[in-house]
Amino acid sequence: MPREDRAEILGQVAGFSASAVDDIERVLEMMPALSMDITCETEGEESIQEGDIVTIQVWVTLSRVNGLVGALPHAPHYPFPKEENYWLLLADQTSNNVWFSQKLSFMDEAAAVSVASKAIEDMMEGSGADMKEKVKTVRETIEKVRSGSRLVLGKFLAPAEGNYNLTCYCLSDTWIGCDTRNNLKLKVLKRTRAGTRAGATIDEGPVPEDGIEEEEEIEEEEYDYESEYSEDEAEEPDAKKGGGVANGTVSKGSSSEGSDDEED
């Protein structure tokens with residue numbers, strides 16, 4: 001509704017004074033309009049498979065009629081200045097489960113610039129981008145944050161194979177009627193890759209090699225044991241010839257013969 005028509009209704013029908021109408025208009029100019037851009041992917045892979053660590057990236061953009069990004073809402077009866085905050089939720093309505101949640105604020109622009117530029121820089125390095133492309137993307141990210149956008153990054157574990165109809169909510173703890181939501185379809189494929197992405201990875205290749213190495217070590221130990229035993233046997237005839245005991249040990253079956261010789 002145009003401002004003039006709204007002022008006419010507020011003044012003539014509702015009976016508000018001109019100053020009260022101005023107060024109402026200033027509050028309305030602060031009310032935010034939200035939009036979201038969401039992506040979910042497994043880093044370095046073309047698809048999402050069950051058990052993958054899924055990265056969710058959400059750009060939340062806020063706009064107001066008065067052009068401000070961060071603002072203190074009109075709350076004259078609140079005991080102290082009320083800051084507006086938002087909650088980002090990724091949920092499955094079918095199972096009534098929240099997969100991911102994070103608190104979001106538009107008040108601290110410097111912190112938002114630092115977080116977003118660092119995250120984008122790390123992502124660019126991981127993708128192998130050159131320095132020129134990385135600098136350009138970071139600059140674009142900084143401008144995007146200053147113009148009223150905030151980057152939310154998070155991770156969650158991909159569920160079992162299937163198609164999921166998810167909903168991403170951005171909920172305000174201050175403004176009634178300013179919440180927004182986007183639908184997100186997520187397809188999870190059956191597990192075909194070896195290992196997981198949670199820190200240590202499991203690779204099917206090295207397993208046989210490790211087994212071979214262990215077998216080789218066992219064979220070497222057996223070979224060493226047999227070689228030492230054979231040396232004892234080789235030295236045994238010399239001990240018999242000399243009438244003594246070789247290496248301080250007595251071989252089985254020779255003790256009775258030695259006692260008979262001594263009696264003779």
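Reader: W99 and Y164: buried or exposed?

Author: Both W99 and Y164 are buried. The term means under 20% relative accessible area; exposed is over 50%, partly exposed in between (1.4 Å probe, protein chains only). This is a predicted model: local features need pLDDT of at least 70, side-chain atom pairs count only at pLDDT 80 or more, and totals for chains, interfaces and linings use all residues. Residues are numbered from 1 along each chain as its sequence is written, and side-chain values use heavy atoms, without hydrogens and water.

Reader: How many aromatic pairs are there?

Author: Four. Rings of Phe, Tyr and Trp (its six-membered ring) pair with centres within 6.5 Å; planes under 30 degrees apart are stacked, over 60 edge-to-face, the rest tilted. Take Y78 and F80: centres 5.2 Å apart, planes at 75 degrees, so edge-to-face.

Reader: Why is the pair of W99 and Y164 called edge-to-face?

Author: The planes stand at 70 degrees and the centres lie 5.4 Å apart, so the pair passes on both counts. W99 lies in strand β4 (residues 97-104) and Y164 in strand β6 (residues 162-172), so the pair ties together parts 65 residues apart in sequence. Strands are DSSP runs of E, at least two residues, and helices are H or I, at least four, numbered from the N terminus. Ring pairs also link W99, F156 and Y164 into a cluster.

Reader: What makes Y78 partly exposed?

Author: Its relative accessibility is 39%, so Y78 falls in the middle class.

Reader: How do you know that N85 is buried?

Author: N85 has 13% relative accessibility, so it counts as buried. N85 sits in the loop between β2 (53-63) and β3 (86-92).
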